[in-house]
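Please consult the sequence and the structure shown here while reading.

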Amino acid sequence: MGLFDLRREMVVAAIEECDELGRDVFLERYGYRPARGYFLVYEGRKYDSKAVAGVAHRGVTGRPLRPSEFSGGNATVARALSQLGFVVTTPGDA
């Protein structure tokens, strides 16, 4: 079970948790570092795509993925989130 098992509502739940906790607390709670290039854009706000996807994975397996359990980037996180209809920025985006 991987990132491509995510459903849109799982990702939205992780985004809502990030909003409730605040970015810094959200990242610290789950052991993620701030994103450097790939951001999930939702309702005009940017979110750390790998962290959101990892936390959303809790809906698949019952626990969030740790950062060391998967790689971020275009071929993984960005692709999985894009397939769910989310916009994900890439490092070259302004």
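Glu 17 and Arg 58 form a salt bridge in which the closest N and O atoms are 2.6 Å apart; the term denotes a side-chain nitrogen of Lys or Arg within 4 Å of a carboxyl oxygen of Asp or Glu. Because Glu 17 lies in helix 1 (residues 8–21) and Arg 58 in helix 4 (residues 58–61), the pair ties together parts that are 41 residues apart in sequence. Glu 17 counts as buried at 13% relative accessibility, whereas Arg 58, at 32%, counts as partly exposed. Buried here means under 20% relative accessible area, exposed over 50%, and partly exposed in between (1.4 Å probe, protein chains only). Helices (H or I, at least four residues) and strands (E, at least two) are DSSP runs, numbered from the N terminus.

The model is predicted: local features need pLDDT of at least 70, side-chain atom pairs count only at pLDDT 80 or more, and totals for chains, interfaces and linings use all residues. Residues are numbered from 1 along each chain as its sequence is written, and side-chain values use heavy atoms, with hydrogens and water left out.

By the salt-bridge rule, the count comes to six. Three of these pairs are set out below.

| Salt bridge | Closest N to O | Relative accessibility |
|---|---|---|
| Glu 17 and Arg 58 | 2.6 Å | Glu 17: 13%; Arg 58: 32% |
| Asp 19 and Arg 45 | 3.0 Å | Asp 19: 36%; Arg 45: 47% |

Asp 19, like Glu 17, belongs to helix 1. Its salt bridge is with Arg 45. Since Arg 45 lies in strand 2 (residues 45–48) and Asp 19 in helix 1, this pair ties together parts that are 26 residues apart in sequence. Asp 19 is partly exposed, and so is Arg 45. Elsewhere, salt bridges that share partners join Arg 63, Arg 66 and Glu 69 into one network.

Helix 1 also packs against helix 2, at an angle of about 115 degrees and with the axes 6 Å apart. Axes are lines fitted to C-alpha atoms, for helices over the stretch in contact, and angles run from 0 to 180 degrees between N-to-C directions. The crossing of helix 1 past helix 2 is right-handed; a crossing is right-handed if the near helix is turned clockwise from the far one by less than a right angle, and left-handed if anticlockwise. On the helix 1 side, the contact (heavy atoms within 4.5 Å) is made by Ala 14, Glu 17, Cys 18 and Leu 21, and on the helix 2 side by Arg 23, Val 25, Phe 26, Arg 29 and Tyr 30. These residues divide into six nonpolar, no polar and three charged. Ala, Val, Leu, Ile, Met, Phe, Trp, Tyr, Cys and Pro count as nonpolar, Asp, Glu, Lys and Arg as charged, and the others, Gly among them, as polar.

Which residues does helix 2 bring to its contact with helix 3? Helix 2 (residues 23–30) and helix 3 (residues 49–56) pack at an angle of about 60 degrees, with their axes 11 Å apart. That makes helix 2 oblique to helix 3, since angles under 35 degrees count as roughly parallel, over 145 as roughly antiparallel, 65 to 115 as roughly perpendicular and the rest as oblique. Helix 2 passes helix 3 in a left-handed crossing. Helix 2 contributes Phe 26, Leu 27 and Tyr 30, and helix 3 contributes Ala 51, Val 52 and Val 55. The residues of this contact comprise six nonpolar, no polar and no charged.

Helix 3 is largely enclosed by the rest of the structure, because seven of its eight residues are buried. They are Ser 49, Ala 51, Val 52, Ala 53, Gly 54, Val 55 and Ala 56. These buried residues pack against helix 1, helix 2, strand 1 (39–42), strand 2, helix 4 and helix 5 (74–83). One of them, Ser 49, has a relative accessible area of 4%. Leaving aside neighbours within four places in sequence, Ser 49 is in contact with Tyr 38, Phe 39, Leu 40, Val 77 and Leu 81.

Val 41 is found in strand 1 and is partly exposed, with a relative accessible area of 26%. Its C-alpha atom is separated by 5.4 Å from that of Val 87, 46 residues apart along the chain. Beyond neighbours within four places in sequence, Val 41 is in contact with Lys 46, Val 87 and Thr 89.
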